[in-house]
Amino acid sequence: MPELNHGFNLATVFQAVAEALPDHEAIVWRDRRLSYADVMRRSTGLARYLVSRGLGVHRERDGLGGHESGQDHVGLYLLNGNEYVEGMVAGSLARVAPFNVNYRYVEEELLYLLRDAQTTGLIYHARFAPQVEKVRAQLPGLRVLVQVADASGNPLLEGAVDYDEALGTAEPEGGMPEPSGDDLFLLYTGGTTGMPKGVLWRQHDVYVSSMGGTPFGADKPFADYDELVAAARESAAGGGRAMLMLPPFMHAAATWSAYWTFTAGGRVVIPDVVDRLDAASALEACQREACNTFSVVGDAVARPIVEEIERGDYDLSSVIAVNNGGAPLSPTIRDRVLAAMPAIFLLDGAGSSETGMQMTSVSAAGGPSETGVFQPGPETTVLDDLRTRRLEPGEGGGWLARTGHIPLGYLGDADKTARTFPVVAGQRWSVPGDRAGLLDDGRIQLLGRDSITINSGGEKIFAEEVERALAAHPAVTDVMVVGRPSERWGSEVVAIVSVADGADPSDEELIAEAARHIARYKLPKAVVRVGMLQRSPSGKADYRWAKDVAHAAAPAEPAIG
């Protein structure tokens, strides 16, 4: 096995498993069944192409600030498919930093992202070629384009190379670089409360914290590649892991989950339909491939899945666990998931692009469940309001924080890097802005992101807490809560709500349900009805959109006094 070179890197992790289990399936999608050896071969060809075009490392990590990168950055402007995984592995092999591109961005947003990322290469589906053509002239640093053919039939852009052609690249004369655990994993935030930011992780840190480098339930990461491979062999011998990939790979939870699966020598199963969530397609793939786990991102993904289970006749007896992360599940949807699949464990995870996975909770049918309460990992705690010390159990609320394996900083933003990753009592922490309480028993109650906290009448109100309370009404299919300027309150709580077809609960009924779960001062002063709420492809709330809707709605008489 290779030696650790500044820790684990994502290319060598995949390569080590591929060499140990070459014939085992790694990715299943439509008519493609790619083994680990297949994916490694294809990724190597793509990496050779990137290196042959002069992409790679231009300055090693030593001497760089936390907001600086010494590598080329290659965007993955792709729907789900084997090409996304191959792009990740190839990027690490070539020592470039691949990064996620939101494929729903319009021209202005796409241009901002690619500029901010200092993009030198882009791997994109042909369906997005028109968008790439519109912005490429405004990106003088963009010099490598790799186009993945698809059903759109869009022709190859001038100067681009066809993806399959790139896979056939021979090894460059100077050979290939040796990947390092110091190489970057560049992850762009969703930009749901502000402009997207590029979070710079060392590959070793993100792998150990969030991508399988620390076995589930363990407090220490794998010691080396030998130990990792032994665990993968053992898992594969026991039947292996098959994970249904519901969220888009451009969402951190999806790429992290994929690497958890690869670390265990398992296979990632991608539903046939990838440009939207098609619950029937997803469950058919789950049944056909006997998947034993899948991930959801809050109600936006879990609701259509559980509704399809309730309507259909699927054999999901292979499913052992459903993982939720990125957005909370409402109590109603949680109960429906467990009723529809009573033999599963429901694992809730809490974390962010800036922290990795921090906390978990486990629910089972018939067992106790507390929404928003988690068991923290050993590197996670709550800091006091002034960020000067760790709180002790039972002390109350403060900032959710993580130390240890955390990011280096935000690309190109030294000031925000210093604010988000402060040094407290001699330790460096990641404090991205979530408020939380440290309970008497050491568990943590997650309250919500400070940037969407509403200060109304002198009281702090956490939007996510109000959303959970409203979502408990059985007619509510989706909800976001934001603040809107108010002469009386300074800022008033406004709920943007969609309800089930055929349902027409009054505002008073919705607020009465919420009043069963939260204090009166937290209740919405207005309810705005919409047909569908705007969310990212992964299901995360778009609070900028919600604020625009709330501001545009005509001021109404307060629903409560």
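Buried means under 20% relative accessible area, exposed means over 50%, and partly exposed lies in between (1.4 Å probe, protein chains only). At 0% relative accessibility, Cys-291 therefore counts as buried. Cys-286 is also buried, with a relative accessible area of 0%.

This is a predicted model, in which local features need pLDDT of at least 70, side-chain atom pairs count only at pLDDT 80 or more, and totals for chains, interfaces and linings use all residues. Residues are numbered from 1 along each chain as its sequence is written, and side-chain values use heavy atoms, with hydrogens and water left out.

**Cysteines**

A disulfide is a pair of cysteine sulfur atoms within 2.5 Å. The structure holds zero disulfides. Cys-286 is in none; its nearest cysteine sulfur belongs to Cys-291, 4.6 Å away. Cys-291 is likewise in no disulfide, and its nearest cysteine sulfur is that of Cys-286.

**Aromatic pairs**

Rings of Phe, Tyr and Trp (its six-membered ring) pair if their centres lie within 6.5 Å; planes under 30 degrees apart count as stacked, over 60 as edge-to-face and the rest as tilted. The structure holds 11 such pairs. Two of them are described here.

Phe-14 and Tyr-36 make a tilted pair, 5.2 Å centre to centre with 35° between the planes. Phe-14 lies in helix α1 (residues 10-20) and Tyr-36 in helix α2 (residues 36-52), so the pair ties together parts that are 22 residues apart in sequence. Helices (H or I, at least four residues) and strands (E, at least two) are DSSP runs, numbered from the N terminus. Both Phe-14 and Tyr-36 are buried.

The ring centres of Tyr-259 and Phe-262 are 5.8 Å apart and their planes stand at 85°, so this pair is edge-to-face. Both residues lie in helix α9 (residues 252-263), three residues apart, about one turn of the helix. Tyr-259 is buried at 1% relative accessible area, and Phe-262 is buried at 2%. Phe-14, Tyr-36, Tyr-259 and Phe-262 form one aromatic cluster.

**Nonpolar cores**

A nonpolar core is a set of buried Ala, Val, Leu, Ile, Met, Phe, Trp, Tyr and Cys residues joined through side-chain atoms within 4.5 Å. The largest has 101 residues, and Phe-14, Tyr-259 and Phe-262 have the most contacts inside it. Another core, of 34 residues, lies apart from it and includes Val-479 and Trp-545.

What is Phe-14 in contact with, leaving aside its neighbours within four places in sequence? Its contacts (heavy atoms within 4.5 Å) include Ala-26, Val-39, Met-40 and Val-89.

**Charges over rings**

A charge sits over a ring if NZ of Lys or CZ of Arg is within 6 Å of the ring centre and within 35 degrees of the ring normal.

| Charged residue | Ring | Distance to ring centre |
|---|---|---|
| Lys-416 | Tyr-410 | 4.9 Å |
| Arg-435 | Trp-399 | 4.4 Å |

**Strand pairing**

Two strands pair if DSSP finds at least two bridges between them. Three strands form an open antiparallel sheet in the order β8-β9-β19. β8 (184-188) and β19 (409-410) stand at the edges, each with a single partner strand, so one side of each is left without a neighbour in the sheet. Two bridges join β9 (residues 198-202) to β19. Leu-200 stands opposite Gly-409 in β19.

Elsewhere, strand β16 (residues 373-376) runs antiparallel to β15 (residues 356-364), joined by two bridges. Met-359 has Pro-376 of β16 as its bridge partner. β16 also pairs in the antiparallel sense with β23 (residues 444-449), over two bridges. There, the bridge partner of Phe-374 is Ile-444 in β23.
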